[in-house]
Amino acid sequence: MDGFLAHEAAIVCPESVSGSKDEVDADGNPIMQGIDQSKIVPLLVKTLQEAITKIETLETKVQALEDA
């Protein structure tokens, strides 16, 4: 299954994660973190938009150099 590791996502988007990394209950059993991946989508979309803008700028510069 594809997905994110909650403790890694918490670094970038803490509001998407519930629970604490390596948390255990009184008996030493792990308490798993949860992640709401829908809260990461806006961040991913914005990052992709920024990457597309950079790519388009670089393509324009390359074309200008090739045409010179």
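This is a predicted model: local features need pLDDT of at least 70, side-chain atom pairs count only at pLDDT 80 or more; totals for chains, interfaces and linings use all residues.
Student: Why is Ala9 called buried?

Tutor: Ala9 has a relative accessibility of 10%, and buried means under 20%, so Ala9 counts as buried. Ala9 lies in helix 1.

Student: Is Val12 buried or exposed, and how do you know?

Tutor: Val12 comes out at 59% relative accessibility. The cut-off for exposed is over 50%, so Val12 counts as exposed.

Student: And what makes Ile11 exposed?

Tutor: That goes by the over 50% rule too. Ile11 has a relative accessible area of 71%, so Ile11 is exposed. Its place is in helix 1, which covers residues 6–12.

Student: What makes the nonpolar surface patch?

Tutor: Ile11, Val12 and Leu43 make that patch, with an area of about 310 Å². Patch residues need over 30% relative accessible area; Ile11 has 71% and Val12 has 59%.

Student: How do you know that Asp22 and Lys21 form a salt bridge?

Tutor: Their side chains meet at 2.9 Å, N to O. A salt bridge asks for a Lys or Arg side-chain nitrogen within 4 Å of a carboxyl oxygen of Asp or Glu, so the pair of Asp22 and Lys21 qualifies. In general, side chains of opposite charge can pair when their charged atoms come close.

Student: Why is Asp22 called exposed while Lys21 is called partly exposed?

Tutor: Asp22 is at 64%, and exposed means over 50%, so Asp22 counts as exposed. Lys21 is at 46%. Partly exposed is the range between the buried cut-off of 20% and the exposed cut-off of 50%, so Lys21 counts as partly exposed.

Student: What is the phi of Asp22?

Tutor: Phi of Asp22 is near 60°, a positive value in a residue other than glycine. Most residues other than glycine have a negative phi. As for location, Asp22 is in the loop between strand 1 (17–18) and strand 2 (34–35).

Student: Where is Asp25, and why is it called partly exposed?

Tutor: Asp25 is in the loop between strand 1 and strand 2. At 31%, Asp25 falls between the 20% and 50% limits, so Asp25 counts as partly exposed. The C-alpha atoms of Asp25 and Ala64 are separated by 62 Å, at 39 residues apart along the chain.

Student: What about the largest pocket: what is its volume, and which residues are closest to its centre?

Tutor: The volume is about 180 Å³. Of the 13 lining residues, His7, Asp22, Ile31, Met32 and Gln33 are the closest to the centre.

Student: What makes up the lining by class?

Tutor: The lining has seven nonpolar, three polar and three charged residues. Asp counts as charged, so Asp22, one of the lining residues, goes in the charged class.

Definitions and conventions. Residues are numbered from 1 along each chain as its sequence is written. Side-chain values use heavy atoms; hydrogens and water are left out. On a 1 Å grid over the protein atoms alone, a cavity is a set of points where a 1.4 Å probe fits but cannot get out, and a pocket is an open set with protein on both sides within 12 Å along at least five of seven lines; lining residues have an atom within 4 Å of a point. Grid points are joined across faces, edges and corners, and a volume is the space filled by probe spheres set on the points. Patches are made of residues with over 30% relative accessible area and no salt bridge: like charges are joined within 9 Å, nonpolar side chains (Val, Leu, Ile, Met, Phe, Trp, Tyr) within 5 Å. Accessible areas come from the Shrake-Rupley method with a 1.4 Å probe; for residues, only the protein chains shown count as cover. Helices (H or I, at least four residues) and strands (E, at least two) are DSSP runs, numbered from the N terminus. Buried means under 20% relative accessible area, exposed over 50%, partly exposed in between (1.4 Å probe, protein chains only).
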